[in-house]
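Please look over the model below before reading on. The points that follow are meant to be checked against the coordinates.

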Amino acid sequence: DEVFDRLGVSQRILRLPRMDFDELLSYTVNADAAVLLYRNTDLGNFFTAPGRLTEYLICGLPLLASNHTGLENLVLRYHAGETTDSTKSSSIAAAIRRLEQGVKQDLYSKARMRSIFEEHLAFDHWEAQFLAAFDEMLRGAVRRADQKPPFPWLTT
């Protein structure tokens, strides 16, 4: 709180108490956008594609994410928001402005964000195909090198 006072922003910040997932979700679904800014401190953070990403999408939120491989790949592939260098405040500010413009142009409607989750990222939707692929692999099925697996999430 002292840092917020020193920066003159304490009146604009609401710090919530620790809460369980269900209670936090009631705040999340009412947000305008989701922020996934991770520091590049190790390979786990750099290659991450966290569960929060899917949680935010099912809540209908456009994403502002670090430009790390895992996050950037998903955000840009599905046009679900903006990515940025999370170590530079000017880059973050520019990405927020781009996200705001996209929201104003209705590029990131709640319905569209939810459909990205449902069509591409919901495990329940793809469960049967995942299980069939694992069964095929365990049976030792051989696939020709030029034969692509029948998974729609691998298409561009």
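**Notes on the fold**

1. Read from the N terminus, the order of elements is α-α-β-α-α-β-α-β-α-α-α. That gives eight helices and three strands. Helices (H or I, at least four residues) and strands (E, at least two) are DSSP runs, numbered from the N terminus.

2. The model is predicted, with local features needing pLDDT of at least 70 and side-chain atom pairs counting only at pLDDT 80 or more, while totals for chains, interfaces and linings use all residues. Residues are numbered from 1 along each chain as its sequence is written, and side-chain values use heavy atoms, with hydrogens and water left out.

3. The chain has 156 residues, of which 28% count as buried. Buried means under 20% relative accessible area, exposed over 50%, and partly exposed in between (1.4 Å probe, protein chains only). Of the contacts between residues at least 6 apart in sequence, 52% join residues at least 24 apart. A contact is a pair of heavy atoms within 4.5 Å.

4. The three strands make an open sheet, ordered β1-β2-β3, with parallel pairing. Its edges are β1 and β3, each of which pairs on one side only. On average, neighbouring strands are turned by 15° against each other, direction ignored. Strands count as paired if DSSP finds at least two bridges between them; β2 and β3 are joined by four. Across this pair, Leu64 stands opposite Glu82 in β3. Helix α4 packs on the sheet, where α4 touches β1 and β2, and its direction makes about 170° with that of β1. Axes are lines fitted to C-alpha atoms, for helices over the stretch in contact, and angles run from 0 to 180 degrees between N-to-C directions.

5. Which residues have the most contacts inside the largest nonpolar core? They are Leu36, Leu53, Leu57 and Leu63, in a core of 23 residues. At least two core residues come from each of β1 (34–36), α4 (51–58), β2 (63–66), α5 (69–77), α6 (89–104) and α7 (110–121). Such a core is a set of buried Ala, Val, Leu, Ile, Met, Phe, Trp, Tyr and Cys residues joined through side-chain atoms within 4.5 Å. Not counting residues up to four places away in sequence, Leu53 touches Leu36, Leu63, Leu71, Leu74, Val75 and Leu121.

6. Beyond four places in sequence, the contacts of Thr83 include Ala65, Ser66, Val75 and Arg98.

7. Most residues other than glycine have a negative phi. His79, in the loop between α5 and β3, has a positive phi near 50°. Asp106, in the loop between α6 and α7, also has a positive phi, of about 60°. His79 is exposed at 53% relative accessible area, and Asp106 counts as exposed at 56%.
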